[in-house]
Number of protein chains: 2
Amino acid sequence: MDYAGTVKVRIKEVAIAAGVSTATVSKVLSGRADYQVHAETAERVRRVAYELGYVPDVAARNLRTRQTGQLGVVLEAVGPSEPDSLLTGVAVSDAVRRTFDGAIMAGLSEAARELEVPALVVYPSGQLDARTLLDGRVDGLLVSCDPLRGHGLLHGLRSPPVPVVALWTQRAPEGIGMVDVNHAQGAGIAVHHLVELGHTRIAFYGGGVRSGVEHFARREQGYRSALEEAGLLPQSAIHDGPRLLQAVQGGVTAVFAETDLGAAAAFHALDSAGLSVPADVSLVGFDDIQGAEYIAGGLTTVYQPAAEMAAAGVRALLARLDGEAPQTALLRPRLIRRRSTAPVRVVSG
Amino acid sequence: MDYAGTVKVRIKEVAIAAGVSTATVSKVLSGRADYQVHAETAERVRRVAYELGYVPDVAARNLRTRQTGQLGVVLEAVGPSEPDSLLTGVAVSDAVRRTFDGAIMAGLSEAARELEVPALVVYPSGQLDARTLLDGRVDGLLVSCDPLRGHGLLHGLRSPPVPVVALWTQRAPEGIGMVDVNHAQGAGIAVHHLVELGHTRIAFYGGGVRSGVEHFARREQGYRSALEEAGLLPQSAIHDGPRLLQAVQGGVTAVFAETDLGAAAAFHALDSAGLSVPADVSLVGFDDIQGAEYIAGGLTTVYQPAAEMAAAGVRALLARLDGEAPQTALLRPRLIRRRSTAPVRVVSG
DNA sequence: CTGTTAGCGCGTTCAG
DNA sequence: CTGAACGCGCTAACAG
């Protein structure tokens, strides 16, 4: 179809062409069931509207109805660092973030389609303050947080003018809904996998609680709980190659790394020392980053359901717009089995 | 600041509080230079507006001005496959797309901030037809294409009601602006790197022209041109392990793979046959996917400037809104040197 | 079941 | 330099 030079058709022209009033056209096309219109009339209006290529003007509609149906999105990780970051200077792969944000966008986009959200409004990086939300562009806001940075934006959003749901955190201020991956549970799944393979001395590789990063802390806590539940002894977190090798010499046969990138580092340390994965040491990561299948010959890892999280966020926000109270939802991560884990070797001698 | 229960402030209240008319407030805040307002008055209005927390209502403004300042975004890869895909059934890692889309969003977001685009409107996957663009939600549209799928959407957008710029393709219909990575140039850069290392027998690994995929075709063409320019002989494209090994036995010392994932496959074939990278064979990929540093011990590859492409897209679209004609821009890819390439081994005997 | 009417909040004439 | 009046296109309320 060719719309070149097409003058926009307005509701009045549809009304005239269909021989009804503009109100009737509006009633039919807005589809509100509480307006009863003769089926034949409605059908005629719809046909005429379609033939004329009529599309309601959203600006006018939004002005009249005082809502847009649109949901706002902030990708917090995209954009300049915030000064309150606990990890300024830490080299985190941009690609990790981008994969994650891409998955988030995919999930949002898919959920928006299914739930008939007409459009998502993405605010430019670092652009948003609470005041901006007053401008009536969106009915609600989703914030995809970056756990490696502070939650500056979220804290500026206490008592925001529209409902807010935060993704990938469990530390939003009161009144803000949350959807996060259950990091502790994910760690538990990883540990459980290793225990099933017969490992009893399992190390945690990464900054964990000490890093100050919410997710890493939860992962270490999950590691501890899972080991204790299994009647095994947690080890203190290890964050460098030499200590990892020490631990292995001390009898550790499996390593749970708090991230896939950490697992890559652990593998490098082990490999350089002539230790084989998984023959000598089993290795599990967390994230399932792109390329995880090439780490350590195929890294067994815990997949974070980012797209599902985004979809859950959309549903949660829609529920809030429907009057429900803010809630916290935790999604179950999934173990991806590859080739970096194996049954513990029977100790000979 | 706490906006709980805050009633939205309207222009009239600002006017009253500042002791002027709404027209004056509008003139001051819209910042249009052709309206002369007493400096003191203007300053007072601005201060009062700020103190009252006044934010103009975008719906009303959009209705009045007939534009929004917003740019639409379609991530074509997100969403269900189209039937016209040439590669239905081909397993392409979702993660690759997501990284790419994430980078695109990051670039868009950053450019939007710099160029003061108030917001980006992301249309849900597979939701958009040309008609939807008539609804006045956006002043222009960016389409991030998926080269592995058809351009169904783009072709439905001939003569669209708003300017359109397509990303990651050079095959959009007439009238649509384009920004793409210069794939041929990227291939040339890769080949040039290998030639500099002394390689003279360089293979192309992947579907290339025969795949029917625009990007892969350009990359193979770029490979050919670069070799010819260097006075060397291009080989026909290889797309499986056994033939790759044959080629190596036949004297090939370097392989340019059309994608990083392809490079991983090539590496696997070589490695399984006991050939070492880069000692026996040098290997270059294309894309610089997340995890490329773990492929083949650190894959030398061609990085696609996705974020820059997105930013260029925003600029191109803004230029079109400014009255300029649609153009095509090609961005120069960059070589990422890692450890999978080395000087050619001097043949002994 | 359908039509008439009155704004939604703002930006822009055009008098003063 | 300022303010009153109008209308962007649509939908909610109400009258018929």
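Start with B:Arg46 and B:Glu43, which sit three residues apart in helix H3 (residues 39–52) of chain B, so about one helical turn separates them. Helices here are DSSP runs of H or I with at least four residues, strands are runs of E with at least two, and both are numbered from the N terminus. B:Arg46 and B:Glu43 form a salt bridge, with 3.9 Å between the closest N and O atoms. By salt bridge I mean a side-chain nitrogen of Lys or Arg within 4 Å of a carboxyl oxygen of Asp or Glu.

Before going on: this is a predicted model, where local features need pLDDT of at least 70, side-chain atom pairs count only at pLDDT 80 or more, and totals for chains, interfaces and linings use all residues. Residues are numbered from 1 along each chain as its sequence is written, chains are lettered from A and ligands numbered from 1 in the order in which they are written, and side-chain values use heavy atoms, with hydrogens and water left out.

Back to that pair. B:Arg46 is partly exposed at 40% relative accessibility, and B:Glu43 is partly exposed at 45%. The cut-offs are under 20% relative accessible area for buried, over 50% for exposed, and partly exposed in between, with a 1.4 Å probe and protein chains only.

Now helix H8 (residues 214–229) of chain B. There B:Arg218 and B:Glu214 are four residues apart, again about one helical turn. Their side chains meet in a salt bridge at 3.0 Å, N to O. Are these two buried or exposed? Both B:Arg218 and B:Glu214 are buried. Elsewhere, salt bridges with shared partners join A:Lys8, A:Asp57 and B:Arg66 into one network.

In chain A, A:Asp240 and A:Arg243 form a salt bridge, the closest N and O atoms being 3.6 Å apart. A:Asp240 is partly exposed at 26%, while A:Arg243 is exposed at 54%. Over all chains the structure holds 26 salt bridges.

On a 1 Å grid over the protein atoms alone, a cavity is a set of points where a 1.4 Å probe fits but cannot get out; a pocket is an open set with protein on both sides within 12 Å along at least five of seven lines; lining residues have an atom within 4 Å of a point. Points are joined across faces, edges and corners, and volume is the space filled by probe spheres set on them.

The largest pocket has a volume of about 1,800 Å³. Of its 45 lining residues, A:Leu29, A:Ser30, A:Pro56, A:Val58 and A:Arg61 are closest to the centre. H4(A) gives the most to this lining, six residues.
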